Each structure stands twice: as C-alpha cells, then as structure tokens.
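Q: Can you walk me through this one? I'd like to start with the sheet.

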Amino acid sequence: MYIKECFYTSKREGESLRMYKFNGLAEDFEQALLNTDRVVATSIFRRYAEATEGFSHIERLVVNTLDQIGEKWERGIVSLAQVYMSGRICEELIDEYLPVAAVKRRESPRIAIAMLIDQHALGKRIVTSVLRAAGYNVIDFGQGLTSESLVEKTIESRIEILLISTLMYRSALKVRELRDRFERAGYPVKIIVGGAPFRLDEGLWERVGADAGSRKASDIFALLEKEVLS
Amino acid sequence: MSSMNRVLTTISHKEPDRVPLFLCLSFYGAKELGMTVPEYFKKPENVVAAQLAMREKYQNDCLYSFFYASIELEAFGSETIFVDDGPPNAGAPVLRTIDDVFRLEPPEIDTSPGLTRVLRATEMLKERVGNEVPIIGIVMSPFSLPVIQIGFEKYLEMIYFRKDAFERLMEVNDSFCAAWANAQLAAGATAIGIFDPLSSPSLIEKPTYIRTGYPVAQRFISKIKGATAIHLASGLTLPVVREIAETGAAILGFGVADDPVALKKEAEGRICLLGNLNGLEMTHWTKERAHRTVKTVIDQFGKGGGFILSDGHGEIPWQVPEEILIAVSEAVQLYGNYPLE
C-alpha cells in the first residue's frame, strides 16, 4: 500500500483548512514510480492535482521526484530502467493533465534533443520524458544524425539550447565537429551533452566544446535555469 | 610461468608470479595493422595477425577472438554499421514490435558468414599458441542481447509488463547464445566471456534481476561446456557479486563504479575480478598517470590472487595511444610481481 493519508482537515476560527503533507505524498509518488506502478502513481497525482492550484505545484512534485530518483541512480540505489520508467509515467501524467488544466507547454527557450551518429536512444528518451514531464516543449531531431544535418535542423528550427545524448565514445568526440560547424555558421546555440562517455570521463564535455555536461537526466533543470537566467 | 598458468593460478585465488594483464583489444587490431575497421574484420587472418602482434608488443596474457557485439545480430538478419576508426555498431533492431518475438527462431551458427569468420580466427589462434595463452571468446548474454535486438525501450516494456514475450525471447536467445559459446569452445577458445551489462544494478534493479536475468544466466551458463567470465561493462557489480558467482562464472569484469575495498572483500574466494582501468580516461593519460593508476589498482585488488588487470569495459578504445598501453604493460611488470610490496 503506497498511499498514505495525504490530506487532513482542521478547523480554525470556523473555517476548514485543507492541509497538505508534501513529504509523505512525494515519498509515496516516488515509490509508485520506482515500482513502475502506473495505477498508484496516477491516483496520487490526481489527488494532488485536485488539492493544489496552478501548474507550479504539479511541476514541483514531478521535478523534485524525478530529481530524487536521478540522485538515487547516481548513488547506485535505483536502476536506469527505473529512471526511464519513472520519466515515462510522469510524461504520460503531464500529457493528460495539461490540456485538462488548459496549461500550455513552455515554448521558451527553444529546446531540441538529438543523437549524433548513435542509433540506440534510451538516454535521449529519458531526457525527453523528464523535460516533457516538467512542461517543456522539446523538439526531437532523432538519432543517427551527422553534424552537418544537425546544424541545418538546429538553425532551421531556431533552437536556442541543443541537447546531445551519446552512447559511443566516438560519437561524443563528434560534438567538437558540431561546435566548429556552429561557429563557422555564426549561430550562437548552447550545447548541453550527456550520456555514458561523459559520465566515464568527467572533463570530456569541455574538451569537445560543449557549454555544459549533464551526469543525469534531471540535471537538465538546473542547467536550463542557469541558461535561461544568464 | 606461461600466461595460461598465470591466469589459472589467479582464478584459483592463489598468487601467480605476477598479476595477469588482459588488454581487451578487438577493433584496435585494425590500428595495429594500419587498416580501416571494416577492412580488418573481413578476414580472420587479419585478426589472428593483429592478436599475435599485440600480445608480443604489450605482453598481453590473453588473446581476444572477439570481433564486435553486433556480429551476433547479423546471424539474426540485422545489419552492422561500420566506421573506419571505431567500434562497429548495431543497426536498426531486427525486431520491430514486441509480438515479433513469437516469430523469431534461433539462427544456425554455421550459416552466418560473420560467426564463421570468428570461429576460423579462433581455430587459427589455437593452432598458433596451443595451451600457452588463454583464448577468450565472447558471447552477448541472452538477457542483454535484446537491447540491440529490439531496443532498450521495448525490452523494458517486455521485462516489466510482457512476461510471455520476455520468456519467449529468452528461450530463443538461450538456445542461440549457448550454441554460439560452445561452437567457440569447440574451435579452440579457452573460456567464454559473457557481456551482460543488464545484470548490473546500474541498469536493472536487483529485485527485477533476481526475477528475470539471474535465472536466465543460471540456465545459460549451465549449458556452456567450459569456463566463463561475466562482464558488466562498467556497471555497478558489488550488489550482485554473490549471485554472479553462484551462476558458476569464474571471473567477473568490473568498472570504476564500485568501492574497491568492499568489492575485493566480497569477491575474495568466490570469483576472480577483472578490471578496472578507465578506457576513456586512458585516451588522455600520461605515462606517469598510467604507472600510478596501475600501481593503485594492483594495490587495491592484487593481494592473494583472484585478480586480472584489465580495462573496466571489455574493450580498449581506438583513441588510446599505443605508448599508454605499453606504459600499462611496463607498470604491471614493475608493480605486479608477487609477493606484492
């Protein structure tokens, strides 16, 4: 049983106040996601959405929970499969919630994600889910791309932040070629990289000319905040 | 002491004359022969020539008959994407939908040109070295192969929600992978290395592994007619050391994710450890850094045997300079002699 009593009613000066115990709810939501239990996760999410007003509360629940799960993956406590499944479930919940609540996805900054050369796209899917679950709009340029075609797509779509997910070391090194092409084109895009090669070699993101490296998917929130505010 | 005796002694958790060195050099052989990677893998003679030359150059204690992971997928009808200076990569998954697994049959080993080339290279290596040097053949584990057979996302859906499809795929893969491992042993491989990254808690949480990958590994390894090693390809190993030892595997490949003290203690007397130089960092090491790191790793894991120095992923990247591999080899000769200081 994952759902604890999350709300209670107290009386003060004759007025009922519905109080919310955030921590207990967040823990239950996280546990449901880690158990890949869509039914329980959906139930908690809906109760929370009914009890709070505005997307910012929902966003906080989803972002904080996914960040906690990402932290636990970093510490070897949860698996990449659990990170992926949690992101997918949250993405589905937000997809369902936004139209009902008449909330539009964030269109700024303009973000795209892609894989250079590599074909197997789990990492890209995880980052996309995490961002979409937080209400961002993300353009997916796909996988197996050359640096030349990626530059064209980026400029054509007026992308401000380009996320590159990599699996193979050789593909990670290709980010340098990508950066050089953007510089020659005079296009000022921010490049954020992630994936196994960047986790195993911590200084690699700088050596290939990226603007930042991300060790786990939810790092993207802090990086985006930094980029947006800078 | 021959390389074979050195390795057999350390696997028995005793100290040989020095720490054995396994440099896992697969497509790196193309660089040795001055060829492109696609050209290199066309002929088994190339792999044999490069393996023998690199053993001499780096004083390697094994020969590595591994070509590339997706060669197994070629037998299923998939294609491999080659680049001139890096590892061949699997193309689009051979299974498009989860239900396609019910139409999948294990391919025959001898009708696959790629697998036949690997077997021929293994035979030729065996003819050249006999029992002096262990020849390590490689098989993807039945549990991890689906990542390139159907793609990670659909495979996770199967693991969590489609038990029928998961079991069918394991049945096909178990049959194929066991036949492929035994064919390599029959051709002269001394032992079979099993790449099984999904058994790492970094990728699949332990309770799910115990329910899925662990029984698959137990069944699969019981069918292999020779010694086996399991490599988790950089993933965390510590939480599953006991389970992996209980599959009957003699060696466990590990990366840099684990606590060295805890891992050595957990593996002691149970399973021989193989690792854990960071191949990607080796691309920009100095010779001094190579010496320092090899010494540290030997200090952490060498005592009492049960340890083979290697990289942590099962494959040396193309970009690692030759002089760094030579420096690693020199450092093993310098710091790896038993009794350790």
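Predicted model: local features only at pLDDT ≥ 70, side-chain atom pairs only at ≥ 80, totals over all residues.

Q: What is the strand order in the open sheet of chain B?
A: The order is E1-E10-E9-E8-E7-E6-E5-E2, 8 strands with parallel pairing.

Q: Which strands stand at the edges?
A: Strand E1 (21-22) and strand E2 (63-64) of chain B. Each has a single partner strand, so one side of each is left without a neighbour in the sheet.

Q: How many bridges join E1(B) to E10(B)?
A: There are 2, and the strands run parallel. Leu21(B) has Leu309(B) as its bridge partner in E10(B).

Q: What about E10(B) and strand E9 of chain B, how many bridges there?
A: E9 (residues 272-277) pairs with E10(B) over 5 bridges, in the parallel sense.

Q: How many residues of strand E10 of chain B are buried?
A: 5 of the 5 residues in E10 (residues 307-311) are buried, so the strand is largely enclosed by the rest of the structure. Buried means 20 or more other C-beta atoms lie within 10 Å of the residue's own, with C-beta atoms placed from the backbone.

Q: Which residue is the bridge partner of Ile230(B) in E8(B)?
A: Leu252(B). Strand E7 (residues 227-231) and strand E8 (residues 251-253) of chain B run parallel, joined by 3 bridges.

Q: New topic. How many residues does each chain give to the contact?
A: Chain B gives 23 residues and chain A gives 19 residues. Residues are in contact if their C-beta atoms, placed from the backbone, lie within 7 Å.

Q: Which helix gives the most on the side of chain B that touches chain A?
A: H8(B), with 4 residues.

Q: Last one. What confidence does the predictor give?
A: The complex has an ipTM of 0.93 and a pTM of 0.91. Chain B averages a pLDDT of 97, and 100% of the residues score at least 70. pLDDT is the predictor's confidence in each residue, from 0 to 100.

Conventions:
Residues numbered from 1 in each chain as written. Chains lettered and ligands numbered in written order. Contact = placed C-beta atoms within 7 Å. Pairing = 2+ DSSP bridges. Buried ≥ 20, exposed ≤ 12 C-beta atoms within 10 Å, placed from the backbone.
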